[in-house]
Amino acid sequence: MIQYTQKNCRAHHYSLVQFPPPPPKKKKTHGNHPPPLEDHSDGTELCETRCRPVDTRTMNWQASPSAVTARWRRSQELNKRSLLEPYDSASGPKATSGVCDWGTHKPLDMSAFSWTVVVLTCQHKDSVYAFHRELELRQRGGSVCAGAMLLTVQDRQEPLGSGGATLNALLVAAEHLSARAGHTVVTADVLDEAHILILHTGRDFPWSSCSRAFSWLPAENPATALGVEAPVCCVDVLIRCLTQQVCPGSPPGVWVCSTDMMFSIPENFALSWDGFSGVRAVALPGDVSYAADHGVYLSDRTGHIKDIIYKGSREQVQQALMHDGKVPLVSGPVFFSRSAAEKLLQTHVTPPLDGCTYLGLDSGAPPLRLSLFLDVLKCLCCDQSEDEPSGADAPASGPQGATLRRGRKELRRILRGTPLTLAYVPGGRYDYMTLSGRRHVLRLTSDPTQGHALSHIQVAGAVSGGGRVINSVLEGMVTVATGAVVQHCHLQGPLRVPSGCLLSGLDASTSPDVRRLALGDDVIIQGHRVELGDLKLKVYTTMGGLDDLELRCDDEGASFLNAPWRVVFSRTGIQPQDLWAEGEGRSLLEARLFPALPPREGGVGVAGGVAWLLGGAGCVRRWREAWRLSLKEVLALTHQEEELRWRETLLFLAGRKRTRDALTGRSDVCVMPSFRAAVAAGQQGALLELLDTIAAGSGAEQGEEPQCKQSHDDGDVHVAVSEGAQPGVTARCLSCIADVLTCWAEAEGGGGLRSGPSANEKWSATYFLLEKGDVKGGVKALAEQRANWLSRPDLLVRAARHYEGAAQVLLRRAVMSSQKFVDIGQGVLPPLEQWHEVECPARIDLAGGWSDTPPLAFEHGGCVTNVAVKIDGRRPIGARARRIKEPRLLLVSHSGGRDSGIATETVCETMDHLKDYCQPNAPGALLKAVCVCADVVSPSSRDPLGRQLTACWSGGLELHGWSALPTGSGLGTSSILAGALLAAVYAATGRSYTGDALIHAVLHLEQVLTTGGGWQDQVGGLEGGLKVGRSQARLPLRVHVERLRPPDGFVEALEQRLLLVYTGKTRLARNLLQDVVRSWYSRLPAMVRNLQELVSNSEDCARACLDGCLSSLGRCLDRSWRHKKRMAPGCEPASVRVMMEALRPLVLGQSLAGAGGGGFLCLLTRRPAQKDAVLRVLARTPGLGDFSVHTVQLDMDGLTVLQPTGLWIHFKKMWTSSLEIMTRIFLEKELPGSEMLGQVES
């Protein structure tokens, strides 16, 4: 596959009347071969190629002759200024403010090579500003080294040639480096450590109004997944290839390259720089037949270039044959070492070579045109004599020829002794971008690995697999056939684009006119934005893909719209004198075919322009009355800034439409690159407005599937708004707004960490609206409050935090939809003071952890395989509850286990004592939340706490909870404890429940408590044995649990091999959870891919358990740990990494339990009973700190309710101490048990 790198070719904006027309000259037709060598740089060539100015004597100018005068005055004004004034990123006017550092989002590997200066030469002043902004955007996105100085340098108006442009660009770069270093004059010392890249622009390119360099390719930027959404232009591929493949390892010096060709080199290609000095030319291989119309390097066995053969005979070209049967084309980049660059720098003070530089222009030196290859490099060839060259590169006669001869002589003197060597690239490919429309369309469509780029296609099925849509918006049924290209267009169907066609630069208003045309294959229609003095116009051109633009109309094979000229003249009534003035070349490129201004006021659209040429309505009389331009003149008058602005408008319109589709369609498309691009271009306002609209009405009632109303897409971004907003979609929208605000803050210099508090009182009213379900009002209030926080980067980041807080509110509401599966039965109240106690095992997640976490669990679907376990033979988690006479809540939290003696007691006697139940850090918060969620009390009731308790339960409640596990163990402690507490309360209040109800009740409780979390912990600890839990990608969120039935003996074998190692590190799950949810809402591709693999691994783990395969289970455990690390980078402490490496020989698999970051390490050992072996390994491993090793037993019961106890405990103790007395009472009175109880009680 050819990697495309094109040259930046900018049109000459000459004055309409400044120069006389050139004399008649029959031009050499290049066909599909490259033009002479000078086209590789600045657009000049050995023969005349300067764009001829518009000649008003031959134009039908009837509408606005003042435009001619305005254009002439503007050109004179520009000529009075320095036409070679560089535009510096450090001092020149900025198109946008601020520098954006995208952190880790770097598409290039800058660690190996970086540029000191990147220079782009331009032909015209408006290109200087427009193209400089393009370079700035690429630098912000990471395509250009962050520390590189960016310069766009205008060539002087007279043709300089590629050599002259190189000398001028080098001078400008050295001057700016000298100024930055504090020097007052230009000094070569600044070249000592500098890596300078000079990229030359060249002739106009008919199929891209912004030159070859900025011609878009049908490919996505490889950095898009993590960086800034940006086009892939030829200059991007060129810079990437040079930075990553060609230039790494090169010493300080200057690289020079044109951008009018595309080349690729093998991935394993690397240049050796050992012992290098002088100049090196990189050459791509070509066929002898191709090279006959081009140039080749002739080198000796040592690699030194003896001569450059330009357009030589077949015999001459064959002298350059390499070992692979190819010849080295004069095509690729050229490197000048530091010493050679210093010699080149001397030319700016050496007449007549100073005529190539802007200093020479300012000093009145005559212009001098030099070729990089035929002048600068050729004088370095070892076979080159002092005699003047002859043949195709012979200088002209007269004063200009004498000046050129003197210039070449000075070059030889300055560069004498500098070696020129060849770097041939076997296997490389080279493709010059010719003027052939057909070839360009094939270039864009022939690679099956490429597709559509940065476009929005409403009916994707209407575009064939072989068609290409680049930076366009297609609405309705727009059919694009195989081999057709649509670029930079906004089209509305129904509309058909046949094979081989190219539509470019058309806006939505042209769709009806194009729809009425009977387009055939291989037709090209383009819209251009041109500037005529103070007039800014749209001019439309059409060509045939098979047309040769440079053939004279009377040459064999000459055509227009793929038809011979005689057929065109006969069909239309056009005469040759209508198209060309006397003495002109009569090529299609110079034919004044295209109306620019009508005879009366108004513009010329497609219907009034090219439609008649394509067989539509119109007549030759009206066509003749219009003021017309040739394609060559259209390109020369193109307003580069307007063209780039149109492309940018389409880019962000398509991006907003894709964002709308991704959010409302709940797809896994990553929208972050689009956000970064919008912010970098100052388009964040429109993006925020769109996100507000989607958030306010995403289409469905709470907890249900969205039911969107149909809406007609009329070109702007609209969202179908229904009666309610789905909390899941709206939450993602709010998180996306937080992303945009953060990107904005980064673009303006930072602003602080993304994570932080989000409880500023100014935002509390917005949260209140969301909490009560007024999503539309809440989103509107958020936007109003946001407007007050946009003035500084730190305020932007704080606003982003509060938007994340708002997203969490809606996420909680979405998860609370699971409450519909909490079915609690009401029974008979048990006696007062009767204890109801439950015990629970811990859980070990074997695979799938994180997929149970909202919103992943209901937006993607979750699957977790885990097991309930006792640790060292004990269930570590438990709770107990009883009704008490006092109408209050007595809440006791035990640390270190039920009987540890360390407890925190919280007494609630009023509702004020209970109001902080949703604040997880408040004293007794979990137990308070349990009382609320179990409906022991109602915070919304107006009755005081005591009255509620007495009315419902005839007294108060005492509730105890405990865990013998350390905080942050990773074994699901908090969720399992919540389930145990709920079960104890339900039992103490005489209510019944199922395991399914309890699982969903815990899920609801954790949302009330605002701790978030998923469902796998309660599934693992409340349900016994091995099991797999699943949730579907839908709301309401429901969990289904499947108990696994492994083969006989597997459970025993697993018990003997499972061990838990406490690492001594505390896990901070909340921090990890926040990062994971944020990454999921952004739909980072790595996150989406990892989640898919994570769920798949859980299913594999379940199958391994069913098959009884320990080795497969161990592999799943290892994969699970890799998935966790990718899901939450930073969850593996260094000491844990050391521990796992030390234990690797002993285990089949291992993973930190839960989210990682610390807690317990789960081991599946290769052999049974390996606790002592593990202890020995860890004891001799340094740097581990405190650790402990624990045995594991599978708990097949899960949550276990113990026998209710109360007075019976008291009586049992009495019977133990006074057994004889109790027996005598019973025997003597022969009382039944109930009466005996009464006697004892009395």
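How far is the sulfur of C241 from the closest cysteine sulfur, and in which residue does that closest sulfur lie? The closest cysteine sulfur is that of C247, at 8.4 Å, which is too far for a bond. The model examined here is a predicted one, in which local features need pLDDT of at least 70 and side-chain atom pairs count only at pLDDT 80 or more, whereas totals for chains, interfaces and linings use all residues. Residues are numbered from 1 along each chain as its sequence is written, and side-chain values use heavy atoms, with hydrogens and water left out.

The structure holds 0 disulfides, a disulfide being a pair of cysteine sulfur atoms within 2.5 Å. C1116 is likewise in no disulfide, the nearest cysteine sulfur being that of C1101 at 4.8 Å. C241 is buried, with a relative accessible area of 1%, and C1116 is buried with a value of 2%, where buried denotes under 20% relative accessible area, exposed over 50% and partly exposed the range in between, for a 1.4 Å probe and protein chains only.

R628 is placed in strand β28, residues 627–629; strands are DSSP runs of E with at least two residues, numbered from the N terminus. R628 is buried yet has no salt bridge, and the nearest side chain of opposite charge, that of D578, is 5.0 Å away. A salt bridge requires a side-chain nitrogen of Lys or Arg within 4 Å of a carboxyl oxygen of Asp or Glu, and for charge Lys and Arg count as positive, Asp and Glu as negative, while His and the chain ends are not counted. The side chain of R628 does reach the backbone oxygen of D578, at 2.6 Å, and a polar atom of the R628 side chain lies 3.5 Å from the backbone oxygen of A626.

G527, found in strand β23 (residues 523–532), is buried with a relative accessible area of 4%. When residues up to four places away in sequence are not counted, G527 touches S504, G505, L506, V539, Y540 and E643, contact being defined by heavy atoms within 4.5 Å. G527 and E643 are 116 residues apart along the chain, and their C-alpha atoms are separated by 9.7 Å.

Strands β34 (residues 889–895) and β35 (residues 902–908) pair in the antiparallel sense over 7 bridges, pairing being assigned if DSSP finds at least two bridges between two strands. The bridge partner of L890 in β35 is V907. These strands, β34 and β35, form a hairpin with 6 residues between them, and G896 in the turn has a positive phi of about 85°.

Methods: Helices (H or I, at least four residues) and strands (E, at least two) are DSSP runs, numbered from the N terminus. A polar contact is a pair of N or O atoms within 3.5 Å; within protein, one must be able to donate a hydrogen and the other to accept it, and residues adjacent in sequence count only if both atoms are side-chain atoms.
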